[in-house]
Protein chains: 2
Amino acid sequence: MDATRLEWLSAADAARAIREGSISSEQLVDACLARIEAVEPAVQAWQFLDPAYAREQARARDLDRMMGRSIGALHGVPVGIKDVFDTGDMPTEDGTVLHAGRMPERDATVVAMLRAAGAVIMGKTVTTECATYMPGKTRNPHNPEHTPGGSSSGSAAAVAAGMVPLALGSQTNGSVIRPAAFCGVYGFKPTHGLIPRHGVLKLSRTLDQIGMFGRTLEDVALLAEQLTGHDERDPDTRPRAQIPFVATAASEPPLPPKLAFIKTPVWDRVDADTPEAFAELVAALGSHCAEHVLPDSLRDAWDWHRTIMEAEMAWNLDLEWEKGRDRLSESLRAQLARGRAVGALDYQKALGRIANLNEGFAELLAVHDAVLTPSAPGTAPRLEATGDPAFCTLWTLCGMPAVTLPLMNGANGLPLGVQLVGARGDDARLLRTARWLVAQVQAG
Amino acid sequence: MDATRLEWLSAADAARAIREGSISSEQLVDACLARIEAVEPAVQAWQFLDPAYAREQARARDLDRMMGRSIGALHGVPVGIKDVFDTGDMPTEDGTVLHAGRMPERDATVVAMLRAAGAVIMGKTVTTECATYMPGKTRNPHNPEHTPGGSSSGSAAAVAAGMVPLALGSQTNGSVIRPAAFCGVYGFKPTHGLIPRHGVLKLSRTLDQIGMFGRTLEDVALLAEQLTGHDERDPDTRPRAQIPFVATAASEPPLPPKLAFIKTPVWDRVDADTPEAFAELVAALGSHCAEHVLPDSLRDAWDWHRTIMEAEMAWNLDLEWEKGRDRLSESLRAQLARGRAVGALDYQKALGRIANLNEGFAELLAVHDAVLTPSAPGTAPRLEATGDPAFCTLWTLCGMPAVTLPLMNGANGLPLGVQLVGARGDDARLLRTARWLVAQVQAG
């Protein structure tokens with residue numbers, strides 16, 4: 001094995017190699033740290049990184065193995081953590097000066113789960129301000145003049161740049177799918193309520209969802225498999241049987257999949273390249289894919305999402321507003337001001353729509369394996385902003401599982417993501433359908 | 001058995017007698033119908049009653065038994081249903097002319113559960129307008145110049161007057177505990193989320209809770225035991241093991257119970273008789289009871305309750321407001337107008353308080369078996385209104401189980417209720433503590 005390329009190993013391969021003893025966690029972490037040293041000046045993915053502490057964790061994992069202790073599914077594999085997840089051993093600053101130097105006492109539930117799986121917590125990746133719109137310092141690894149997307153900017157960029165094989169993110173609108181698409185990696189946001197959110201910056205109980213980044217589909221499945229579970233401190237999680245993400249994602253669909261291509265009411269926002277790219281993809285899929293037109297009434301769903309997001313953000317960031325709104329960005333301040341003005345009646349009406357929307361999508365997905373739709377209007381725009389989340393909004397509102405696949409490129413050479421959206425709770429099947437689609441495209 | 005007194009049998013005794021064949025359901029229902037005929041002109045407990053149909057159900061239950069079919073725990077026992085519970089075979093008008101003649105297609109979940117337990121659905125009892133404040137026609141069986149309380153006015157009065165041994169009610173503020181106390185019967189409102197609310201008039205998901213009326217503690221336990229369960233259509237219910245209400249309520253406390261007497265910040269609203277009555281009760285309980293003073297900050301909880309109730313009512317009754325607010329009472333219209341003006345931020349802040357309150361009460365109830373407090377400021381006031389729910393508000397807000405016991409009387413001879421409140425989820429123990437208290441008082 002070429003040790004100079006260890007940083008490009010998939011997480012699954014790396015975990016296997018560590019388990020078998022063909023590489024050590026320390027070698028892997030060293031390779032990733034060397035890669036970070038080389039490209040971080042251009043990419044700026046990390047908010048907090050202590051190379052010595054990362055190596056110390058790696059050596060401890062190597063010692064576990066030598067001592068014959070039990071080995072987790074991610075044993076010795078470094079993972080980047082978006083800086084909105086509490087870590088008991090590293091600062092968690094949420095992308096705002098208001099939380100500068102904040103040192104949580106305890107890990108977020110998912111960080112603890114990662115440690116239990118043997119992962120090395122590599123460091124904290126850059127988030128936009130409070131996981132909303134104001135960009136951090138991170139740049140797109142494919143072109144530093146372009147945005148990596150947001151809000152999970154650092155996680156997407158770090159995985160894309162070979163700094164870590166895996167990273168955690170969170171999505172309240174398009175904060176996992178969009179940066180993954182812009183950076184040309186796999187991004188996966190499971191069903192709302194599948195992954196516990198305790199210890200993660202709270203913006204919106206209704207919309208906040210945890211997601212993950214990897215350079216292979218198997219890797220996002222592997223990471224997802226470590227993170228589902230019940231946590232009484234996240235009232236939207238439920239006790240449930242373990243989901244075999246990796247095995248299901250690796251299996252063949254029992255029947256030829258059927259995809260519903262949906263343009264959504266925000267199709268008028270797509271870039272010049274996107275319609276042709278998707279028309280070609282849909283044509284290549286032939287009988288496996290047909291366009292489905294959403295009822296016109298769904299046009300309002302983007303407003304419902306905004307009402308809920310802004311109203312719930314106003315509550316969750318009430319202290320920040322009261323004590324330090326002058327140190328928030330103008331755009332976040334405007335969002336919070338709008339949220340503070342939302343009426344409880346409009347808020348409840350918007351919440352009440354979610355169940356109706358889901359009824360409609362459950363019917364559609366009873367006869368289709370997944371929705372096929374762009375991950376973003378096009379490729380990553382230039383640096384000023386993190387891009388438009390509109391192609392994620394509907395699916396985030398519905399809490400449906402979504403995955404973005406780095407299958408295409410724009411005329412500018414930057415990655416163009418393909419998004420698949422599945423039925424709520426049918427997450428592993430979505431990854432199986434995604435794997436089938438990747439194989440179709442690569443064979444085509 | 002004296003057939004002329006069948007209407008005063010407890011539900012437990014009646015079910016036993018029917019099971020053993022010493023009486024028939026038809027005899028029991030006939031006795032109750034005769035009692036209704038005699039006292040309904042004065043009490044006015046029924047919104048809908050079809051004596052022939054009640055007898056038909058009773059004969060069908062008698063036939064079940066003769067044919068050797070399985071016999072439910074309430075087989076052949078008539079139950080009154082507050083007219084906010086959907087019944088697929090009787091109108092459900094919710095106490096408002098806007099729903100006059102409304103004929104649901106299906107039973108509410110709990111009505112279906114009652115049928116499964118073999119109960120005879122006797123008829124629909126009077127509710128105040130939309131289960132809020134505007135009184136219906138019902139009068140207090142102890143004195144027709146006085147209110148039966150509300151909003152479950154007919155259910156409380158019907159049980160108190162010997163028309164049915166059991167009845168269902170609902171509580172969003174004080175709508176079970178208050179009328180039960182005013183009518184001198186047992187009223188029980190289990191923990192929020194224990195009893196499914198699908199098919200019941202929705203005012204407030206956060207506050208709406210189902211309760212029951214009986215003339216013995218065993219009877220409310222027996223009814224509660226039939227009604228707990230998981231229903232996916234009520235998102236606040238959870239799968240859980242069956243709760244042995246009857247057996248637990250009948251058992252002896254393993255240790256001498258300890259009660260916390262709480263006056264609450266609304267103590268200044270009590271009637272003249274109440275302080276002395278409770279001082280005597282607390283004194284008689286000696287070392288079993290000590291006064292506990294709530295922190296002054298809890299004074300705001302009544303505002304939080306109102307904010308939540310009115311905001312959620314405004315949403316749930318939005319159609320009634322839009323289409324027919326001129327046909328609502330002035331008081332309900334004013335409530336809805338206030339609810340429509342609540343801000344989403346204040347609403348979420350109020351919701352967010354509930355968990356904090358419950359943490360405090362969980363600590364208190366880790367070292368006490370129950371809270372002892374008045375069920376209402378005093379005895380039933382005169383007819384104009386249904387009385388003040390303030391002594392129920394805090395416990396309803398917290399979703400804690402509460403039971404009212406007809407242990408005392410005011411100087412006017414009307415019943416004065418004693419309320420016990422337990423820890424969330426510890427419902428059966430609350431009834432056991434209540435039974436102990438009843439025995440103490442009756443022995444004293």
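Reader: Where in chain B does S151(B) lie?
Author: This is a predicted model, in which local features need pLDDT of at least 70, side-chain atom pairs count only at pLDDT 80 or more, and totals for chains, interfaces and linings use all residues. Residues are numbered from 1 along each chain as its sequence is written, while chains are lettered from A and ligands numbered from 1 in the order in which they are written. Helices (H or I, at least four residues) and strands (E, at least two) are DSSP runs, numbered from the N terminus. On that basis, S151(B) is placed in the loop between β3 (120–125) and α5 (153–160) of chain B.

Reader: Is the peptide bond from G150(B) to S151(B) cis or trans, and what is its omega?
Author: Most residues other than glycine have a negative phi, and most peptide bonds are trans. In chain A, the bond from G150(A) to S151(A) is cis, with omega near 5°. The bond from G150(B) to S151(B) is cis, with omega near 0°.

Reader: How many C-beta neighbours inside 10 Å does C130(A) have?
Author: C130(A) belongs to the loop between β3 and α5 of chain A, and its phi is positive, about 50°, although it is not a glycine. A residue is buried if 20 or more other C-beta atoms, placed from the backbone, lie within 10 Å of its own, exposed if 12 or fewer, and partly exposed in between. C130(A) counts as buried, and its C-beta neighbours inside 10 Å number 25.

Reader: What is the phi of A131(A)?
Author: A131(A) is found in the loop between β3 and α5 of chain A. This residue is buried, with 27 other C-beta atoms within 10 Å. Although A131(A) is not a glycine, its phi is positive, at about 55°.

Reader: Which helix gives the most to the side of chain B that touches chain A?
Author: Two residues are in contact if their C-beta atoms, placed from the backbone, lie within 7 Å. The contact takes 12 residues from chain B and 12 residues from chain A. On the side of chain B, α10 (301–316) and α13 (344–366) each supply at least two residues. With five residues, the helix that gives the most is α13(B).

Reader: What ipTM and pTM does the predictor give the complex?
Author: The predictor's confidence in each residue, pLDDT, runs from 0 to 100. For chain A its mean is 97, and 99% of the residues reach 70 or more. For the complex, the predictor gives an ipTM of 0.92 and a pTM of 0.94.
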